[in-house]
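Student: I am new to this structure. Please show me how to read its features.

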Amino acid sequence: MEKRILGLDPGLAILGFGLITCQQSPNKAQDSIVNMQDFGVISTSADAEMGERLCTLFDDLHTLIQELQPDLVAIEKLFFYRMSSTILVAQARGVVMLTLAQHHLPYVEFTPAQIKQALTGYGNADKSEVQEAVARELNIGYIPKPDDAADALAVALTAWFQM
């Protein structure tokens with residue numbers, strides 16, 4: 001049985017996405033196969049008005065979901081940096097949650113520490129360790145770029161590991 005998991009790393013300026021497909025033998029967990037299908041970012045211009053940026057996220061995410069047809073969406077939970085950036089990310093997450101609801105898509109959320117723990121075995125791993133784990137788990141010879149896309153793939157892998 002194949003499952004399509006879309007990982008999202010929400011942000012207002014850059015929203016990272018990564019789609020993986022997962023197949024698991026009903027008899028043996030070690031026979032599971034995970035493949036990267038797509039990754040990238042949805043970007044908005046800092047020069048655009050807030051409403052326009054949120055509309056761009058909504059429209060592009062809507063199109064992305066229609067094209068990729070995920071079975072499950074995995075989202076990085078909101079992490080507090082500075083209050084001003086936290087509010088912007090929260091607004092972007094609201095658009096993401098609305099879009100998922102309109103598509104009737106189930107979702108799971110993970111904190112940055114949960115994602116790091118799932119991929120590296122260490123909840124305080126640095127970004128490069130997580131990115132190397134993404135490349136290793138997906139059996140690709142490179143680290144996906146930009147970082148936001150690699151982070152989204154890490155979120156999708158975390159969802160797979162939790163199944």
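Tutor: Start with contact, which means heavy atoms within 4.5 Å. This is a predicted model, in which local features need pLDDT of at least 70 and side-chain atom pairs count only at pLDDT 80 or more, while totals for chains, interfaces and linings use all residues. Residues are numbered from 1 along each chain as its sequence is written, and side-chain values use heavy atoms, with hydrogens and water left out.

Student: Which residues does Glu76 touch?

Tutor: Leaving aside residues up to four places away in sequence, Glu76 touches Leu8, Asp9, Pro10, Arg93, Phe110, Pro112, Ile115 and Val155. The unreviewed UniProt entry lists Glu76 under "binding site". UniProt positions follow the numbering used here, feature names are shortened, and annotations may be inferred rather than shown by experiment.

Student: Is Glu76 buried or exposed?

Tutor: Learn the scale before the case. Buried means under 20% relative accessible area, exposed means over 50%, and partly exposed lies in between (1.4 Å probe, protein chains only). Glu76 counts as buried because its relative accessibility is 13%.

Student: In which strand is Glu76 placed?

Tutor: Helices (H or I, at least four residues) and strands (E, at least two) are DSSP runs, numbered from the N terminus. Glu76 sits in strand β4, residues 72–76.

Student: What is the order of the strands in the open sheet?

Tutor: Strands of a sheet pair through backbone hydrogen bonds, either parallel or antiparallel. Here, two strands pair if DSSP finds at least two bridges between them. The open sheet has five strands in the order β3-β2-β1-β4-β5, with mixed pairing. β3 (33–43) and β5 (107–110) stand at the edges with a single partner strand each, so one side of each has no neighbour in the sheet.

Student: How many bridges join β2 and β3?

Tutor: Strand β2 (residues 14–23) pairs with β3 over 10 bridges, in the antiparallel sense. Take Thr21: its bridge partner in β3 is Asn35.

Student: Which helices pack on the sheet?

Tutor: Axes are lines fitted to C-alpha atoms, for helices over the stretch in contact, and angles run from 0 to 180 degrees between N-to-C directions. Helix α1 (residues 50–68) packs on the sheet and touches β1 (2–9), β2 and β3. The direction of α1 makes about 155 degrees with that of β3. Helix α3 (residues 112–120) also packs on the sheet, touching β4 and β5. The direction of α3 makes about 90 degrees with that of β5.

Student: Which residues of α3 are buried?

Tutor: Pro112, Ile115 and Leu119 are buried in α3. They lie on the same side of α3, because they cover an arc of only 65 degrees around the axis. That arc is taken from the directions from the helix axis to the C-beta atoms. The cover over the buried residues of α3 includes β4, β5, α4 and α5.

Student: How many salt bridges does the structure hold?

Tutor: Side chains of opposite charge can pair when their charged atoms come close. A salt bridge is a side-chain nitrogen of Lys or Arg within 4 Å of a carboxyl oxygen of Asp or Glu. The structure holds three. In one of them, Arg93 pairs with Glu109, with the closest N and O atoms 2.4 Å apart. This pair links distant parts of the chain: Arg93 is in helix α2 (residues 83–102), and Glu109 is in strand β5, 16 residues apart. Arg93 counts as buried at 13% relative accessibility, whereas Glu109 is partly exposed at 26%.
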